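Here is a friendly briefing on how two chains meet. Have a look at the structure first, and then read on.

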Amino acid sequence: MLAHAGAMPTQPYISPAMSRNRFRREKHRASETENVVAYHDRSSYALDAQLASLASAGDDAAFTTLVTRFQRAVFRWALTFGRDPDEAEDIAQEVFVRAHRQIGNYRSDGPLEAWLYRITRRTATQIRRTRKRRGRLALTPAARPARDVYTTDPGGRVDRERAATVIRELFSALPQRQREVFDLVDLQGLSPAEVAARTGMKPVSVRTNLFKARKAIRDSLLASHPAYQDLWR
Amino acid sequence: MNCHECLSELATGSLRDLTPDSAVMLHCVTCPYCGPLATALRDREYNAATVLNNLPPTSSPITVAETAAMVSRRRRLGKVAVFLTGAALVATFWISLFTTGLGRSVIGGGASSGPETETIPLSCLSPEKAAELVGPYLRSSGSSSKIYHVDKSRVAAITIHGTPHEIAQSSAVIQQFETNPNACQRPSIAEQIRQMQEELRKAGMDQPIPEPAPVSASTPVQAPAPVAAPAKTPGSRRE
């Protein structure tokens with residue numbers, strides 16, 4: 001590192017990993033725009049509202065279209081709240097069950113995405129509470145059923161295990177608010193104002209939770225710096 | 001920028017917004033400690049974002065939608081069933097409350113649960129006998145019931161203080177024995193006179209009344225003797 005710093009003293013430090021990350025980020029943003037609905041478009045609001053209206057009238061095809069549009073987003077949010085991808089799948093399924101029941105209550109004055117996000121959050125909280133209660137009552141921990149993906153798609157299994165590891169490393173020690181805000185801002189790229197609008201928190205609370213989450217997550221790495229102890233003394 | 005400022009920025013700042021020409025990154029170029037740290041932090045968060053954002057759900061959306069619709073309809077039916085069951089349960093409870101004796105007693109007991117006082121007239125039984133009869137019904141555990149019967153004045157009645165249930169029970173018992181002549185052992189007239197004399201004697205008025213002397217026509221009527229002060233005889237209180 002010293003040699004590296006001496007070799008390029010005037011150039012900004014860009015490691016090979018960083019340049020690779022930048023490439024990945026741009027690629028990822030491009031893929032995100034393909035998959036996730038762009039909510040800056042007003043016609044998208046209108047389409048969602050129309051689909052919700054049809055689904056509330058009992059049109060199953062409209063509901064299936066809604067699920068197709070939002071399943072990936074809901075699963076992604078559920079990853080933040082769950083312990084692993086399997087639990088996220090359960091949460092996502094439950095979210096759509098509740099969405100089907102309550103779709104008549106959806107008012108078209110806000111984006112459907114925000115409405116679904118609130119359902120996801122509530123569902124995840126309830127499922128976690130229920131599991132905790134059942135865990136206390138059960139004598140032995142219940143074995144998780146094996147998913148089909150583990151037997152049919154080895155690559156998928158690896159991806160899911162990696163995701164579970166990431167969730168465990170990043171989120172397991174964080175309270176739900178901090179985990180949620182960190183994920184939405186730093187991993188999904190939303191602005192604090194957007195997060196505040198979606199979660200119903202105040203922008204100040206979003207920033208506070210974000211700072212706390214960042215500090216908690218980065219502390220373990222930053223502690224290796226010699227000046228770190230002096231900084232927080 | 002020194003290491004402290006850089007660490008402070010790295011600890012709470014957004015790593016996404018760090019451009020290569022920012023002060024933090026310029027410091028990281030020259031610092032042998034901050035540079036690798038910044039790289040490690042950015043790598044870790046970017047890898048996490050990549051792993052989580054690119055992980056697809058395994059279930060097909062059509063399956064999810066069909067399952068959601070089916071479960072939702074089933075839960076709706078279940079909710080209706082639970083509501084109807086609850087309504088039936090409540091209706092059964094209220095109907096039983098108004099139709100069964102237990103329910104009526106519960107409702108009636110709630111309306112007048114306080115103790116009452118009642119005087120029961122006696123035609124055959126003496127108040128003492130009546131009190132002995134109803135005593136066990138009134139002396140239940142925790143009861144504040146009492147019997148007030150007039151003994152001295154010989155009024156043929158008994159006064160009971162207790163709950164409506166106790167009073168009803170007592171009057172039923174009294175009525176049962178009032179109609180039974182064997183149970184009535186009220187003293188006869190001669191017995192009553194004897195008792196009165198006994199009481200008078202106890203009170204000091206036990207001297208018999210002197211009988212008047214027989215009056216004959218041949219006996220001349222003597223002039224009455226001059227009134228003298230009567231000699232006091234011990235024991236005579238009557239004037």
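Two residues count as in contact if their C-beta atoms, placed from the backbone, lie within 7 Å. The contact draws 60 residues from chain A and 50 residues from chain B. This is a predicted model, in which local features need pLDDT of at least 70 and side-chain atom pairs count only at pLDDT 80 or more, while totals for chains, interfaces and linings use all residues. Residues are numbered from 1 along each chain as its sequence is written, with chains lettered from A in the order in which they are written.

**The chain A side**
- α4(A) gives the largest share of the side of chain A that touches chain B, with ten residues; helices are DSSP runs (H or I, at least four residues), numbered from the N terminus.
- By class, this side of chain A has 30 nonpolar, 13 polar and 17 charged residues.
- Here Ala, Val, Leu, Ile, Met, Phe, Trp, Tyr, Cys and Pro count as nonpolar, Asp, Glu, Lys and Arg as charged, and the others, Gly among them, as polar.

**α11(A) with α3(B)**
- R218(A), L221(A) and L222(A) of α11(A) make the contact with L37(B), A40(B) and L41(B) of α3(B).
- Five of these residues are nonpolar, none is polar and one is charged.

**Helix α4 of chain B**
- The buried residues of α4(B) are V64(B), A65(B), A68(B) and A69(B), where buried means that 20 or more other C-beta atoms lie within 10 Å of a residue's own, with C-beta atoms placed from the backbone.
- These buried residues pack against α4 and α5 of chain A.

Key. Helices (H or I, at least four residues) and strands (E, at least two) are DSSP runs, numbered from the N terminus. A residue is buried if 20 or more other C-beta atoms lie within 10 Å of its own, exposed if 12 or fewer, and partly exposed in between; C-beta atoms are placed from the backbone.
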